[in-house]
Amino acid sequence: MAKAKNTSTVAKDGILLAPSILSADFAKLAADAQLALQGGGSLLHVDVMDGHFVPNITLGPPLVKSLRKAMPDVIFDCHLMIENPDDLIPAFADAGANWISVHQEACVHLDRTLHLIESHGCKPAVVINPATPVHTLDEVLDIVHHVLVMSVNPGFGGQKFIHNCLNKMTQLAQIREKRGLNFRIEVDGGVAPETVADVVRAGGEILVAGSAVFGPGDIAGRAKALLAAARAAKLART
């Protein structure tokens, strides 16, 4: 099927908000997602879990395909927390994914998997868990669109932010500058009003937020407030 247009991929200040639909109300998923985008979300983050690599089962290609019909121009950032991701990359690409990220810990042949994503017309990305060192990515940083730093142990939303992961964001920013690379730094887990400034100061640019956006109350307003806090931290850092 035709891919969505990659609109709003780069904000002027480099900060992108990626609302995680795992925390949305699935009875009105498209409507909630639209509210998050109206509040300043640049893309939608889709958490895919298989019950093996992580202790939870969530979203699959059929949901992505259905949501794509309702939202033809939105970037879908599909985060595959699954074993054997090569088996499902074609299905997610066909369903309408724009970005596909895979875990370093789940890929036996990471370089091959990243090129497989690219061959299906999607932006390839790699993810590292809280206990995985940044240096394990040394050989693929030149071929990825972004690196996703998990700031919680993957599997469930609403977990407490692991502050040691801030060091990884800083390391990645330093490596990128030293090597003249162009990958973006994405952060997933515990991104909320009380942590977002630290994340941005450490180098986080694509901010995945679930319960902080889709929690009780005004979804668009919550997204707008979180993005404003992130941009204020970015401005103070420069």
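Biologist: How much of strand β4 is covered?
Modeller: Strand β4 (residues 99–103) is mostly covered, as 5 of its 5 residues are buried, where buried means under 20% relative accessible area, exposed over 50% and partly exposed in between, with a 1.4 Å probe and protein chains only. Strands here are DSSP runs of E with at least two residues, and helices are runs of H or I with at least four, numbered from the N terminus. This is a predicted model, in which local features need pLDDT of at least 70 and side-chain atom pairs count only at pLDDT 80 or more, while totals for chains, interfaces and linings use all residues. Residues are numbered from 1 along each chain as its sequence is written, and side-chain values use heavy atoms, leaving out hydrogens and water.

Biologist: Which way do the residues of β4 point?
Modeller: Trp 99, Ser 101 and His 103 point one way, whereas Ile 100 and Val 102 point the other way, and all are buried.

Biologist: And which strand pairs with β4?
Modeller: Strand β3 (residues 76–81) pairs with β4 in the parallel sense over 4 bridges, pairing being called if DSSP finds at least two bridges between two strands. Leu 80 has Val 102 in β4 as its bridge partner.

Biologist: New topic: what is the phi of Asn 84?
Modeller: Asn 84 has a positive phi of about 50°, although it is not a glycine. Most residues other than glycine have a negative phi. Asn 84 lies in the loop between β3 and α3 (89–95).

Biologist: Is Asn 84 buried or exposed?
Modeller: Asn 84 is exposed, with a relative accessible area of 52%.
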